Each structure stands twice: as structure tokens, then as C-alpha cells.
Amino acid sequence: MRLESNSLKNPFLNKIIAAGRLTRQGKLAEATLAIQRALSSTSQAGTHTPAFWPVGVGAAAVDSPLILDGLVREAVTPSRPSDDADTTVADRDSTPERVSTPGRFVASSFTGATGTRAFKLFAPAGFEGESLPLVVMLHGCTQDPDDFAAGTRMNELAQAEGFFVLYPAQAKRSNSHKCWNWFSPADQRRGTGEPALLAGMVRHVLQTHSIDPDRVYVAGLSAGGAMAAILAREYPDLFAAAGVHSGVAAGAASDIPSAFSVMKNGPAAAPPWPGAGATHWPTPARDATADASPRRVPAPIIVFHGDADTTVTPANGDAVIAAALDGVEAVAEKVFGNADAGQRSVRRTVWRAADAGADAPTLAEHWLVEGAAHAWSGGAPAGSYTDAGGPDASREMLRFFLAHPRRRS
């Protein structure tokens, strides 16, 4: 009786039971397809072992991409089933099955003048010959590309909508907690440190894949969000827009003590709203050897932050917007609550240029998620630091990104 009760909550077992039913009905081809679909769905569960996995066979038995002495082994990751994937095959006999080709999730590494970092790249299947957007995803502390991909479900969205996803990996030798060093002055400037390394990695991927250079975006969580803000500020010629989730404003700290202060209290004396005056943190001085930057036009930015975040105080979300729109005459066009069924409530603010019409693209969006802690909104439990109860940050960021191709001078 206990096994029967648990089976109702286990999609894998439901599919196996459905396959047995089809076998008894003599529908062998359909039964085989059901078994294949069941096995495919378990491969999407990240590193978690299915509830009824045989003893001795777990996540370690599944091949994972490795980088050893510069050798790269490739892993192919099927796309996640659609929302109705838990329906048994027997219930879907009357409808034709749409079989999607799995995308490729490939491990590699990049070496630039300022160092080497591993990365993973998701390439969607079925879009051959098209020039696709690229979304760069920067993980938070203690995370890695696989964890971040599982938690944000960005690869599934990429397969469905058609775009590449690049996941740079912070090296433990560069930060013991695998945080991006957003608080270090040497890692806040164009042409030096981690910003130069990440920009070089992106340019490498642009050269080797069919990617639209006008639709390159960057997003990150926590330390990754802080680095995304830096990249958007320092490389507006490379990134068309940015997403900052639970992060801090570019240049808001200059060392570890100031980083903890900013995380706890927010940047001191930051203007409360865009257009209220210059931000208190200056743009870092640039080395004479740093590559020249074009005229700086604020990159459109979307911010997500939980109002119950005790790791990075929500005031930092306001500061990210303020820094991004500093010097721009912007108005908050809409401020409203947004609470879909079963989701957390949201206070969402949208900014447009003050002299632009109602049809002008947004300059910034701020999503303050009520009751959410330090976690990716709408994320999957398969990854760390996720909040399944919030609105889908991945989907909202993608919507914002695709509405903002790069603006050429």
C-alpha cells in the first residue's frame, strides 16, 4: 500500500506502470517508447537519485562532462519534457507524439591573458543555420554550471525558444567559495581580471558558434549577479542587456570588509531613485593598458530580489537600478502588484526614458518578490538557492532580453 501511494507522486514509476499496461495490451512499440521516456525524464533530475532507483545505481553511474589535463569529454543532455510529461502514454494514445531532438551541453575551457576558466555551453537542437541569441549565466557562491543550469532551468527554456546558454565556472583556486570576485578593484574594470576573462570567453563563443552579436545578454545570481552588473557597465558594446538576481551594484565595494557591509546594509548614500543624482561610488580608474571602451550608454537591466533576503539586503536591488540609470532622465511608468495563482506576490516597477512615448522600450525593471529569501525566483528544487514559489525569473529575464537587442551608436 505504501508503494502504491508513493507511485502516485513519482512520475518515473507512473511511466513504468504505464509501459507494463501497454505490454499486456500487446502495444509493444508504445511500451518501448514509454520506457525510453521514463529513462529520459530521470536524466533531467540533476544529481538526485530517483526514489525507486535500484540499490547501488545512482547519479555517479551517469556520465558527466569532465575536464582532465585539457581533455574535454562531451555529454549530451536531452531537453526537459513538456508540462504534460507526467501524463501516462496510455492517456495520450489518441494524440500524436512530438519528439524533440536533445540539445548539447558541452564542457570546455577558455584561456585568456588574465587566466583560465572552465565553462559549459548549451546549444539547442533544431535551429541549425539560424543566428541565435546567447545568454551568459553567472552562478553564485558554492555553485557550478550544472547546479545553476538545473536550478534556473535555463537550458530547457533555451531548447524551447532557441538560444545558446554559456555557463562560466569560477575556479576554486581563485575564490575558495567559488564566488566571482566582484568586490576586488582588479576585477571591476574593463580589460583586467575576471571581466576581461569573461568577455574574452564570450567573444570566443561568438566566433565559434552561430550567435547573433546584437543579442548577447548576461545574468547572474548573488556574486554572479554583481559580476553581471559589472560586465554590463564595462562592456556595453558586448552585452545588450543584463539581469541581476539578488546582487549588488557595480563598484559598490572595494574589498572584503566593504563587500560584507554592502551585502548587509546596501551602498551608503546611494540615491533612492534613478535620476536623483550621481551615485556615491565612482567608476574605477582604468589602466592605460585596458582596452578602450566606446561611449557608455546605460544597458537595459532587469533586477529580481526577495524582500526577505538576509544575505544581500533588498536595498541593493534599488542601488543596481540607480547605478544603471544614473544620469538618465527616467520615470517609473508602472508600479503594481503581480500575484499569479500559487505564486508569491510581486511589486514590479518599470522605468522608461522620461521623454519617450508609451511604446518606447523599457530601460529597467525591478521585481521585488514578497517573502522570498536569497534564491532564484521560480527555480527548480534540483538546483541550490532556488525558490519554486516565486515568479519565473528565467522566463521574465528572457522576455526582457529579447525586447532589447544591442543599440548601435
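Is Met201 buried or exposed, and what is its relative accessible area? Met201 is buried, with a relative accessible area of 0%. Buried means under 20% relative accessible area, exposed means over 50%, and partly exposed lies in between (1.4 Å probe, protein chains only).

This is a predicted model, in which local features need pLDDT of at least 70, side-chain atom pairs count only at pLDDT 80 or more, and totals for chains, interfaces and linings use all residues. Residues are numbered from 1 along each chain as its sequence is written, and side-chain values use heavy atoms, with hydrogens and water left out. Helices (H or I, at least four residues) and strands (E, at least two) are DSSP runs, numbered from the N terminus.

**Met201**
- Met201 sits in helix 6.
- Beyond its neighbours within four places in sequence, Met201 is in contact with Phe110, Arg117, Ala118, Phe119, Leu166 and Pro168. Contact means heavy atoms within 4.5 Å.
- Phe110 is 91 residues from Met201 in sequence, yet 6.0 Å away in space, C-alpha to C-alpha.

**Helix 6 and helix 7**
- The axes of helix 6 (residues 193-208) and helix 7 (residues 223-234) come within 10 Å and cross at roughly 75°. That makes helix 6 roughly perpendicular to helix 7.
- Axes are lines fitted to C-alpha atoms, for helices over the stretch in contact, and angles run from 0 to 180 degrees between N-to-C directions. Angles of 65 to 115 degrees count as roughly perpendicular, under 35 as roughly parallel, over 145 as roughly antiparallel and the rest as oblique.
- Helix 6 brings Glu194, Pro195 and Leu198 to meet Met227, Ile230 and Leu231 of helix 7.
- The residues of this contact divide into 5 nonpolar, no polar and 1 charged.

**Strand 6**
- In strand 6 (residues 132-138), 7 of the 7 residues are buried, so the strand is largely enclosed by the rest of the structure.
- Strand 6 runs parallel to strand 8 (residues 211-221), joined by 6 bridges. Two strands pair if DSSP finds at least two bridges between them.
- Strand 7 (residues 164-168) also pairs with strand 6 in the parallel sense, over 3 bridges.
- Val135 stands opposite Tyr217 in strand 8 and opposite Val165 in strand 7.

**Helix 4**
- Of the 8 residues of helix 4 (residues 145-152), 7 are buried, so the helix is largely enclosed by the rest of the structure.
- The buried residues are Pro145, Asp147, Phe148, Ala149, Ala150, Gly151 and Thr152.
- At the start of helix 4, a side-chain oxygen of Asp144 comes within 3.2 Å of the backbone nitrogen of Asp146.
- Just after helix 4, Arg153 has a positive phi of about 60°.

How values were computed: Nonpolar A, V, L, I, M, F, W, Y, C, P; charged D, E, K, R; others polar. Polar contact = N/O pair within 3.5 Å; in protein donor to acceptor, adjacent residues only side chain to side chain.
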